[in-house]
Amino acid sequence: MSAALLNGKELAAKKREAMKKEVSALIEGGTTPGLAVILVGDNQASQTYVRSKQKSCEQIGIHSVLIKLPEETTEATLLTEIDRLNEDPTIDGILVQLPLPPQIQERAVIEKITPSKDVDGFHPINIGKMMTKDKTFLPCTPYGIVEMLKEADITIGGKHVVVIGRSNIVGKPVGQLLLNEDATVTYCHSRTNDLATFTKQADILIVAIGKAKFIKASDVKEGAVVIDVGMNREDGKLCGDVDFEEVKEVASHLTPVPGGVGPMTITMLLENTIQSAKDRT
Ligand code: GUN
């Protein structure tokens, strides 16, 4: 068997074309969606992500503002900056790129962003709303994964979803979103004993552990859908948490890296920012 590819790049491009029109209409009506991105310090990966977010905003007509702060910025300075953006009527979304330098408490920062501008969907109020299925901003990577499954007409209800990884950004929320879609969800993580016992039961396997080519064909049930959230560098080449060459022979559907989940994350950030702008009109 050779798995069908779940092409996130293509779906992202299709969604962004539609967004471009939506943003034009909003601007004509007098509302320009605005996103502020705060980058503290000079983490290389963060700089790349932030540049990509800005470029994507420009491409579809969202006004974007980058606030670069030095590595030694205090928590108080960052919180004051967030407060200013909370009050700024031209800004619909605020994103503080993670990770932050050690002197700054991530939690204090996330909680400072007003929930109605929290386009990352990380604020505890928005996480709570996600759990109760109230309308809110959904975390971008999990939201993008659900959109990819739906686009490929993959049934979620009743399926056994196994999530490997329990981060607040991906693992926990993707399991919750799929539970909201009536899946049966199992969470696995670095402390799970006999991981393969669980992964082999998955109808849909979501892998977000940050270990290059960790999931092998022998870990996957024949015909499973495999979503690879990994973004690792091996010999200078980007690769996922799934051994693509092996797993494509057993999975029914598989996301490539690059070109799978990655392009959907920023796309859903754009979607959340547009939604926020619409909510203020
Ligand atoms: N760092 C890695 N992923 C993300 C994300 O989705 N949002 C923010 N703010 N920081 C990140």
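**Entry 1**

Not counting residues up to four places away in sequence, Val226 touches Leu205, Val220, Val242, Val247, Ala251 and Leu254.

Next I looked up the largest nonpolar core, which has 76 residues. By my working rule, such a core is a set of buried Ala, Val, Leu, Ile, Met, Phe, Trp, Tyr and Cys residues joined through C-beta atoms within 7 Å. The members that touch the most others are Leu205, Ile206, Val207, Val226, Ile227, Val247 and Ala251. Helix H10 (residues 261–280) gives the most to this core, with eight residues. Where does the core lie? Domain 1 (30–114) and domain 2 (139–262) both give residues to the core, so it lies between them.

Residues are numbered from 1 along each chain as its sequence is written. As the model is predicted, local features need pLDDT of at least 70 and side-chain atom pairs count only at pLDDT 80 or more, while totals for chains, interfaces and linings use all residues.

**Entry 1: Domains and annotations**

I noted the division into domain 1 (30–114) and domain 2 (139–262), with bounds that come from an automatic or database domain assignment. Their C-alpha centres lie 29 Å apart.

I then checked UniProt, where annotations may be inferred rather than shown by experiment, feature names are shortened, and positions are given in the numbering used here. The unreviewed entry places "domain: Tetrahydrofolate dehydrogenase/cyclohydrolase catalytic" at residues 6–120. That span is 50% helix and 16% strand, and its end C-alpha atoms lie 23 Å apart. For residues 139–279, the unreviewed entry lists "domain: Tetrahydrofolate dehydrogenase/cyclohydrolase NAD(P)-binding". Here the span is 35% helix and 18% strand, with 18 Å between the end C-alpha atoms. My helices (H or I, at least four residues) and strands (E, at least two) are DSSP runs, numbered from the N terminus.

**Entry 2: The S3-S2-S4 sheet**

I found an open sheet of three strands in the order S3-S2-S4, with parallel pairing. Two strands pair if DSSP finds at least two bridges between them. Which strands are at the edges? Strand S3 (63–69) and strand S4 (93–96) are the edge strands, each pairing on one side only. The twist averages 15 degrees from one strand to the next.

Strand S2 (residues 34–40) pairs with S3 over seven bridges, and Val40 stands opposite Leu69 in S3. Helix H3 (residues 75–87) lies across S2, S3 and S4 and runs at about 175 degrees to S2. For such angles, axes are lines fitted to C-alpha atoms, for helices over the stretch in contact, and values run from 0 to 180 degrees between N-to-C directions.

A residue is buried if 20 or more other C-beta atoms lie within 10 Å of its own, exposed if 12 or fewer, and partly exposed in between, with C-beta atoms placed from the backbone.

S7 runs parallel to S5, joined by four bridges, and Ile164 stands opposite Val207. Four bridges also join S7 to strand S8 (residues 225–228), again parallel, and the bridge partner of Ile204 in S8 is Val225.

Not counting residues up to four places away in sequence, its contacts include Thr186, Cys188, Phe198 and Leu205. The C-alpha atoms of Val162 and Tyr187 are 6.0 Å apart, though 25 residues separate them along the chain.

UniProt's unreviewed entry has a "binding site" annotation covering Gly165, Arg166 and Ser167. Arg166 counts as partly exposed because it has 17 C-beta neighbours inside 10 Å. Ser167 is also partly exposed, with 15 other C-beta atoms within 10 Å. Leaving aside neighbours within four places in sequence, Arg166 is in contact with Gly171, Lys172, Tyr187 and His189, and Ser167 with Lys172 and Ala208.

In helix H7 (residues 171–180), I listed Gly171, Pro173, Val174, Gly175, Leu177 and Leu178 as buried. Among the elements covering them are helix H5 (124–131), helix H6 (140–151) and strand S6 (184–188). Just after H7, Asp182 takes a positive phi of about 75 degrees.

Notes. Contact = placed C-beta atoms within 7 Å.
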